[in-house]
Each structure stands twice: as structure tokens, then as C-alpha cells.
Amino acid sequence: LEKEKVMDFETFKKKRNEYVDWMTANGFNEGDCEKNGEFKTLYTFGDHYDFFIDIGANNGIFIDRINAAQLTKEEFSPKFVLAFEPNPNLKEVLEQKIVHGELVQSALSNKKDKATFNIYSSDDTTSSLFDRTDMMPHFTSNVTQIDVNLDRLDSYLPLIERESSKGVFIKIDAEGVELPILEGACEIYEKLPVIFLMFEYSEAWSIGNHTLKEVFYLLDKSEFKIFRVGPLGLEYLRFYTPDMEGPDYCNYFAVKGLELDNFLNNEQIRSATHNNTDYYLFP
């Protein structure tokens, strides 16, 4: 009998790299905004919004991209930036970056209240209203807790309506609190004609027992179309399916008031769960 072949290390690496490429192509587990489609999404719709809301602004990497576009006089240049970041350690750097706009140090949710905000010194990007029980104890043991005000994004609707004449782009990266933030913006969904939402989904959602199903149902009621952000474009998700509630990090994008078919190429691609899927390619 022929001796069974044992996988060599080069074959092993090749298979691992192929798996990583497959995950990246489907929009999963790539945190680099330059590679995963987040910045491309920001630019692609630049002609259709003039008000940018950065929820979970952190150290301002999205604001950096907006400022860079304004310096080079690109057409993409929102005239107003409204940033939310409760971490006081990031206040100075964000205020320096916001050219025309406002920094709010409240946290957002679905109600007005008081709350405890957890700042993890090991990594500012993981700070959250949640106690990050999904992280290792050696990572979370050095935590600073501060009291913060909770507000609803709807409270800022008068400011948005005053400063915006096109549409609004809302980016949410709140380490597991994305669902309550989206629930606190229902008046905005009703009043504004053109809205873009881009929000992160991660293992942190499990801490609050939040699900994508709740988000899909919420946005469907407000007539949004929902997409998964990928490296080359946006994959239209006609339906919610339970397999979406996996452990993999990814970004979702929702649109109201604009048909993507009017200005993006739409290609049909195969999907493992939905047969043919509409994939809108970035320019």
C-alpha cells in the first residue's frame, strides 16, 4: 500500500494563507481600514453626504482621512464632523483634528442616563461601556472606570438638520454597544432623507446579548438596505440568517434614500448561503 502522505510545512502555510484570503474576501477579521473596505466606503459616498458622525472616534483615524481629503481638495469633504468619544485621554488629540465640528464626551445609547465607562490602559481601542469579559484577565485587570453621561443620537438632530444640506454618514465603533446606539437614532431615520450607517460587529456584542437579528429588523422597519463591507465592495444582504451571528469580526453598511445601482457597478457573485448575491464594486 502506498504510504499516506503527511502534510509538509509549506503546504500547511499555503492552506492557512488561502483560508485567511477567503475570510478577507468575505469581509471578515481584517481590522485594517485601508484593506477591509471601511475607508473605501467613506470615500465612495462622499458626494452624497456633508455631515459625518464618528461614534467611538477613539484617536480619530476616520477624521484624519476626512482632513486629508480636504487638504488635497478632493470632492469628498464633509463640512461638519460630530465626534463622540467618552475617553478623556483622547480629548486633546481629537479637538486638534476636528477642523469644523464638535467633540462630545458623552457616550451614546438608547436612553439618557448615567453610566460607567471602562478604559483599558493596554489598548484605548477596547474601552467600552461594557466590562470586557471577553478579554483575558491580564488585559482587563488594569482598568480605569469613570462616570459618563449617556445620550441618544436623536438629541443632535437639530444640529444635523442645521449643518447638513445633503446627507449624513454615521460610523459606529463602540465595542459591543452598537445596537443600543442604533436604537437611539430612530427619529433621525424618520426625518433625514439620505442616511449612511457603517457599524462594527464583533464578539463584544455577546456581552450584552445583542444580536444582528435585532439590528436587521430595526433597520428594515426604517427602509434601510443592508450590506456587508468587503475589500472590493458592498455585498447586499436581502435577508438576515442565523449563521451571521458568528464570532467573526466584520463591518456592516446600511443605506436609506439612495439607490446604489444608480452609480456603482453591480456584479452577481456566488454565495455559500444565498446563491447569487448582488455585489456593488467600489469605483
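This is a predicted model: local features need pLDDT of at least 70, side-chain atom pairs count only at pLDDT 80 or more; totals for chains, interfaces and linings use all residues.
1. Let's start with helix α1, which covers residues 9–25.

2. At the start of α1, Asp 8 places a side-chain oxygen within 3.0 Å of the backbone nitrogen of Glu 10. Just after α1 comes Gly 27, whose phi is positive, at about 90 degrees.

3. Next, find the open sheet built from three strands. Their order is β4-β6-β5, with mixed pairing. The edge strands, β4 and β5 (113–120), each pair on one side only.

4. You can follow one of these pairings in detail. Strand β6 (residues 143–151) and β5 run antiparallel to each other and are joined over eight bridges. As an example, Asn 118 has Gln 145 of β6 as its bridge partner.

5. Finally, turn to the largest pocket, with a volume of about 550 Å³. Which residues lie nearest its centre? They are Gly 56, Asn 58, Thr 125, Asp 173 and Glu 175, from a lining of 36 residues.

6. Which elements contribute to that lining? At least two residues each come from α3 (61–71), β4 (107–108), β7 (168–172) and β8 (195–201). The largest share, three residues, belongs to β8. Sorted by class, the lining of the largest pocket holds 19 nonpolar, nine polar and eight charged residues.

Key
Residues are numbered from 1 along each chain as its sequence is written. Side-chain values use heavy atoms; hydrogens and water are left out. On a 1 Å grid over the protein atoms alone, a cavity is a set of points where a 1.4 Å probe fits but cannot get out, and a pocket is an open set with protein on both sides within 12 Å along at least five of seven lines; lining residues have an atom within 4 Å of a point. Grid points are joined across faces, edges and corners, and a volume is the space filled by probe spheres set on the points. Helices (H or I, at least four residues) and strands (E, at least two) are DSSP runs, numbered from the N terminus. Ala, Val, Leu, Ile, Met, Phe, Trp, Tyr, Cys and Pro count as nonpolar, Asp, Glu, Lys and Arg as charged, and the others, Gly among them, as polar. The expected span of a helix is 1.5 Å times one less than its number of residues. A polar contact is a pair of N or O atoms within 3.5 Å; within protein, one must be able to donate a hydrogen and the other to accept it, and residues adjacent in sequence count only if both atoms are side-chain atoms. Two strands pair if DSSP finds at least two bridges between them.
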